[in-house]
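Colleague: Please put the model up, and then I will ask about a few places in it.

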Amino acid sequence: MTLSSPALLVAANRAAALETVLRWMIHDFRNPMQTLSFLPVLTAVEAEIGEPQEDTPGWREAFTIACERLTTSLTLVDRIVGSVPQSTAPEPVALSEVLRYLADLFRARRGRFRIDVEGACGTPLPAVAAVRRDLESALLNLVLNAAEAAGPAEVTLTATASVRSGGVELVLEDGGPGIPEMLRPRLFEPFATTRTDRPGRGLGLYAARHLLVSSGGELRYEPGNPGSRFIVSLAEWGTLPGR
Amino acid sequence: MSRVVVIDDELSIRRSLRVLLTRYGYEAYEAADGLEGLRLCREVVPDLVITDIHMPGADGIEVIAALHAMAPGLPIIAISGGDQTSALDLLGSAGMLGAVESLRKPFTVTEVLQAVSLALPCARAVRHG
């Protein structure tokens with residue numbers, strides 16, 4: 001394995017993406033922890049007053065919500081680090097489940113960018129041939145890439161899926177600034193990036209394409225109006241030779 | 001009684017903060033996002049605002065800038081759950097924009113009450129200055 005081998009670059013990218021997601025999770029844990037940290041004090045004050053106040057149901061609701069948020073975040077962390085199938089060969093993958101996972105992951109991301117994959121989640125889709133872990137990484141990279149390229153601007157990313165002959169096409173569109181024309185010819189090469197302030201990045205699209213192609217899929221780019229469109233083509237399970 | 005507006009898109013945070021502040025003798029109000037927070041501030045004319053940073057619509061940084069234009073001298077406490085090393089961390093920017101105090105979640109009851117009591121004299125100084 002050389003320093004620039006695809007496996008090494010993809011592994012480096014996977015580590016960087018995981019770091020980003022775990023930072024989000026830290027943020028997601030801090031909100032409910034904040035609420036729960038008030039519980040002993042509010043309970044003590046309540047006991048001192050001796051009877052429920054007008055807003056007592058309000059703060060009890062707050063604690064219930066905080067507990068729900070913690071449960072959701074813990075489930076996601078478990079999914080990210082522990083429960084993902086480790087198969088390295090293409091297998092039948094329910095794309096809607098993968099999209100649902102991405103939707104859950106991004107549901108709590110508010111403010112700078114919004115991710116809407118709900119439309120695609122509800123579409124009846126056939127099982128696709130993919131390495132599930134790689135497909136999730138590839139799609140996560142496409143979303144992170146859109147957010148990264150947008151800088152501080154708010155980005156709305158929407159995903160739509162449609163059944164094509166022998167496969168499924170997933171389109172990820174963002175309302176960001178788009179890819180500069182001069183970068184497009186080498187868009188899927190390692191270290192191709194519009195960001196010069198974040199050394200070591202520029203592997204996301206390369207890794208996404210590598211992961212998709214190695215399990216029989218494709219990834220291509222089209223300029224959006226505005227923004228970018230990334231089209232992921234996945235073969236329906238059973239249509240690839242030998243399956 | 002000092003008026004405090006709490007702006008946070010996370011219901012559990014703004015609700016528990018409002019109840020906490022009420023229990024400690026403040027007249028507290030809550031808003032679910034930056035735009036609602038600005039509307040509420042025009043309505044109740046608070047002595048202090050506590051605002052989250054990461055929110056949909058107008059985020060905390062925009063809220064701080066708008067409040068400074070709307071009510072110069074109004075003390076603002078910025079709160080955030082972003083970690084210190086990532087792009088999510090905007091508490092530093094909040095300080096540069098004039099938030100008198102920045103608190104990283106999770107902060108303790110003592111920390112927030114202390115920040116509130118320290119910030120409120122700033123409001124009185126501006127009002128009576």
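Colleague: Which residue of chain A forms a salt bridge with Glu10(B)?

Modeller: This is a predicted model, where local features need pLDDT of at least 70 and side-chain atom pairs 80 or more, while totals for chains, interfaces and linings use all residues. Side-chain values use heavy atoms, without hydrogens and water, residues are numbered from 1 along each chain, and chains are lettered from A in the order written. A salt bridge is a side-chain nitrogen of Lys or Arg within 4 Å of a carboxyl oxygen of Asp or Glu. For Glu10(B) the closest N and O atoms are 3.0 Å apart, and the partner is Arg69(A).

Colleague: Is Asn141(A) buried or exposed?

Modeller: Asn141(A) lies in helix H6 of chain A, and its contacts beyond four places in sequence include Asn13(A) and Gly204(A). Buried means under 20% relative accessible area and exposed over 50%, with partly exposed in between (1.4 Å probe, protein chains only). Because its relative accessibility is 4%, Asn141(A) counts as buried.

Colleague: What is the peptide bond from Lys105(B) to Pro106(B), cis or trans?

Modeller: Most peptide bonds are trans. Here omega is near -5 degrees, and the bond from Lys105(B) to Pro106(B) is cis.

Technical notes. Helix = DSSP H or I, 4+ residues; strand = E, 2+ residues; numbered from the N terminus. Contact = heavy atoms within 4.5 Å.
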